[in-house]
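Hi,

Here is the structure I promised to send over.

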Amino acid sequence: MLKIWGRLNSVNVEKVVWCARELSVPFERIDAGGVFGLVDTPAFRALNPFGRVPVIEDDGFVLWESNAIVRYLCARHGLGTLMPDDLRLRADAEHWMDFQLSAVAPVLSPVFRGLVRTKPDARDMALITRAFGELKDALAVADGALATRTYLVDERFTMADIPLACACHRWFNLPLEGTALARPGFPHLLAWYERLKTRPIAAELMVLPLT
């Protein structure tokens with residue numbers, strides 16, 4: 001059986017769990033990271049030398065890096081469904097997954113950590129404000145793309161939607177009260193996010209508190 005190491009309220013673990021459940025792949029999830037620890041043990045470091053979640057083991061095959069795991073699961077269990085079998089559509093899906101990693105994640109992280117995991121009097125608001133502005137610019141690109149499409153690729157739900165949706169769940173729920181930060185409307189991004197939240201699996205995952 002597939003094993004997934006990682007705490008469920010991690011954005012990167014959420015991607016993998018959502019993907020596996022969409023594909024109806026049975027799995028065992030082991031809490032790791034955050035308050036659950038485990039990631040600094042020799043056994044875990046043998047799986048991932050960086051000590052980060054998620055990590056999977058599938059019939060003896062070990063893999064880390066969340067988007068790589070999503071791609072692997074889709075290639076093995078979802079070719080033609082979550083992973084488009086048309087080469088150009090698949091490349092488009094992978095491009096949006098890379099967009100989430102390269103353009104969104106690096107600036108979402110300092111914003112999320114600063115607003116959710118740091119007490120107000122200890123926040124570096126200059127850093128948070130700068131990253132928040134860059135995050136708005138990145139998500140404006142996705143909002144523009146979604147003005148003419150229902151999902152990110154081929155008018156259907158694919159692996160492309162999962163990573164960005166997990167990131168946008170944080171974006172649309174950032175606690176901005178008491179700050180000078182303002183979240184733009186992004187109507188197309190919001191409509192897409194609300195559409196994805198109606199999927200039964202997403203509805204279960206996206207009620208967890210942000211921590």
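Below is what I found, going from the whole chain down to a few details.

First, the ground rules. This is a predicted model, so local features need pLDDT of at least 70 and side-chain atom pairs count only at pLDDT 80 or more, while totals for chains, interfaces and linings use all residues. Residues are numbered from 1 along each chain as its sequence is written, and side-chain values use heavy atoms, with hydrogens and water left out.

The overall picture: the protein chain has eight helices and four strands, where helices (H or I, at least four residues) and strands (E, at least two) are DSSP runs numbered from the N terminus. Along the sequence they come in the order β-α-β-α-β-β-α-α-α-α-α-α. The C-alpha trace spans about 50 × 45 × 25 Å along its principal axes. The radius of gyration, taken over C-alpha atoms, is 17 Å, which agrees with the value near 17 Å for a compact globule of 211 residues; that rule is 2.2 Å times the number of residues to the power 0.38.

On burial, 45% of the 211 residues count as buried. Buried means under 20% relative accessible area, exposed over 50%, and partly exposed in between (1.4 Å probe, protein chains only). Contacts (heavy atoms within 4.5 Å) reach across the sequence: of those with a separation of 6 or more, 68% are between residues 24 or more positions apart.

Now α6 (161-171). Eleven of its eleven residues are buried, among them Cys166, Cys168, His169, Arg170 and Trp171. The cover over α6 includes α1 (11-22), α3 (66-77), α4 (87-116), α5 and α7.

Two of those covering helices also meet each other. The axes of α5 (residues 125-145) and α7 (residues 187-197) come within 7 Å and cross at roughly 75°. Axes here are lines fitted to C-alpha atoms over the stretch in contact, with angles from 0 to 180 degrees between N-to-C directions. That makes α5 roughly perpendicular to α7, a term covering 65 to 115 degrees. Leu139, Ala142 and Asp143 of α5 make the contact with Pro187, His188 and Leu189 of α7. By type, that is four nonpolar, one polar and one charged (Ala, Val, Leu, Ile, Met, Phe, Trp, Tyr, Cys and Pro count as nonpolar, Asp, Glu, Lys and Arg as charged, the others, Gly among them, as polar).

Lastly, Asp154 sits in the loop between α5 and α6. Asp154 is partly exposed, at 39% relative accessible area. From Ala43, Asp154 is 111 residues away in sequence and 42 Å away in space, C-alpha to C-alpha.

Cheers

Terms used:
Parallel < 35°, antiparallel > 145°, perpendicular 65-115°, else oblique.
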